[in-house]
Structures are given as C-alpha cells and as structure tokens.
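Student: I would like a close look at one part of this model. Please take it slowly and keep the parts connected.

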Amino acid sequence: MPSRWPAVGDFLRDRTAYAFPLLAGLRSHRVRRSVASMLGENLDPATSVVGIDIKVLAGAVFAEIVEDTQLADDMRQLARNLGVDSHRLHQAVAAAHDGGPQQVLGGDPMASAALALARAASHSPARIDASTIQACRDGELSAAAIVEIITWLSIMQLLHRLTCFLMVPKRPGSRGLLPSNASDG
C-alpha cells in the first residue's frame, strides 16, 4: 500500500474504481494508508457477502441521512464507476427518507433488508427496532451480511467525520445524491 498522494488514489482507483480524493487532504501517511486499506478490503468483490453494489447503495443511504454532500458525491461517483444503475441509486436515496426500501432493487428481499438495516443504523442514535430485525429476518440476511453492512457503515462514518474534520468545501453544483456531474478526483 503506498503512503503518499496521488499514489494512494491510483491504488484505490485500480482496486475499487474510485480514488476517494478526500484522502489527499490527510497529513498523516499512516492514517491515509489505514483508511485506504479499509476501503480496498471492504470494496473487494471476491470477499463481499452482500455485493459491492449493495454496499454502494448502503453508503448512499448513509450519506443522505447524515446530509454529507461530499460523501454523497463520492458514493454517486463510485456507483457510476462500478456500473451501478442510477435508477437503483435514486431509489435507495429516496428510500432513506420514506422508509420504502422494500420496493428498491426490483423487490430483492436481501437487498431491501440490507438497505432497511443501513437506513436504521445510519441515524444517531441508531433506529434499529423490531421492524428492522424483522426485515433482516425476512430478507434472510446472514450474520456475516449484517456484520459486513455495519462495518461498511462504520467506514462511511469515518469518511463522514474526516470530511467534517478536514472541512472539505462543498463542490460547486453539488446537491447531495440526486443528479450532479461529480468527477472522480
């Protein structure tokens, strides 16, 4: 794992399809390498139980709930680079507020359960209740899938905190996850 920018961004772009330009603003090489390693490992399709597309959608839900336009731009660009359908992304973001993830992703129960979990866990404090647990059961989310989603949301929280800490200015023309022309920096 490289430690300096732009080599870290190049590594991430090769491994995950997105450079995560937020990391360029970190002064500590150790922190940059650590976060890049987490991103690289968590976006590895060979080891994902739920699938990278579901993780990206869960990240989009998180960004929408915490109202982080920078992270929303990053998730939108990651989705675009990975070929995640923009309609599915839009549905996931809309479901973040209306509680309707059951209708997302063509009625796929596992994906809907994953997004219901992401929606509930993204709030502070988390809003995991009996209906969230039932959605996970109905979607037959395995323990490994639940851990993977919660771990991914923890990484999203880390990126969100880094964005706040670094006080990354809002990109011109950015309005959250709904249509924008963000670029992969």
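How many aromatic pairs does the count come to? And which residues make the contact of helix 4 with helix 8?

Tutor: Keep in mind that this is a predicted model. The count comes to 1 aromatic pair. Its partners are Tyr18 and Phe20. Their ring centres lie 4.9 Å apart, and the planes stand at 75° to each other. The pair is edge-to-face, because planes over 60 degrees apart count as such. Tyr18 is buried, and Phe20 is buried too. For the whole protein, 48% of the 185 residues count as buried.

Now the setting for the helices. The protein has 8 helices and 0 strands. Along the sequence the pattern reads α-α-α-α-α-α-α-α. Among the contacts with a separation of 6 or more, 68% come from residues 24 or more positions apart.

Next, the packing of two of these helices. Helix 4 spans residues 69-82, and helix 8 spans residues 143-166. Their axes are 9 Å apart and meet at an angle of about 130°. Helix 4 is therefore oblique to helix 8. The crossing of helix 4 past helix 8 is right-handed. On the helix 4 side, the contact is made by Gln70, Leu71 and Met75. Helix 8 supplies Trp152, Met156, Leu159, His160 and Thr163. Sorted by class, this contact holds 5 nonpolar and 3 polar residues.

Note on methods: Residues are numbered from 1 along each chain as its sequence is written. This is a predicted model: local features need pLDDT of at least 70, side-chain atom pairs count only at pLDDT 80 or more; totals for chains, interfaces and linings use all residues. Side-chain values use heavy atoms; hydrogens and water are left out. Axes are lines fitted to C-alpha atoms, for helices over the stretch in contact, and angles run from 0 to 180 degrees between N-to-C directions. Helices (H or I, at least four residues) and strands (E, at least two) are DSSP runs, numbered from the N terminus. Angles under 35 degrees count as roughly parallel, over 145 as roughly antiparallel, 65 to 115 as roughly perpendicular and the rest as oblique. A crossing is left-handed if the near helix is turned anticlockwise from the far one by less than a right angle, and right-handed if clockwise. Contact means heavy atoms within 4.5 Å. Ala, Val, Leu, Ile, Met, Phe, Trp, Tyr, Cys and Pro count as nonpolar, Asp, Glu, Lys and Arg as charged, and the others, Gly among them, as polar. Rings of Phe, Tyr and Trp (its six-membered ring) pair if their centres lie within 6.5 Å; planes under 30 degrees apart count as stacked, over 60 as edge-to-face and the rest as tilted. Buried means under 20% relative accessible area, exposed over 50%, partly exposed in between (1.4 Å probe, protein chains only).
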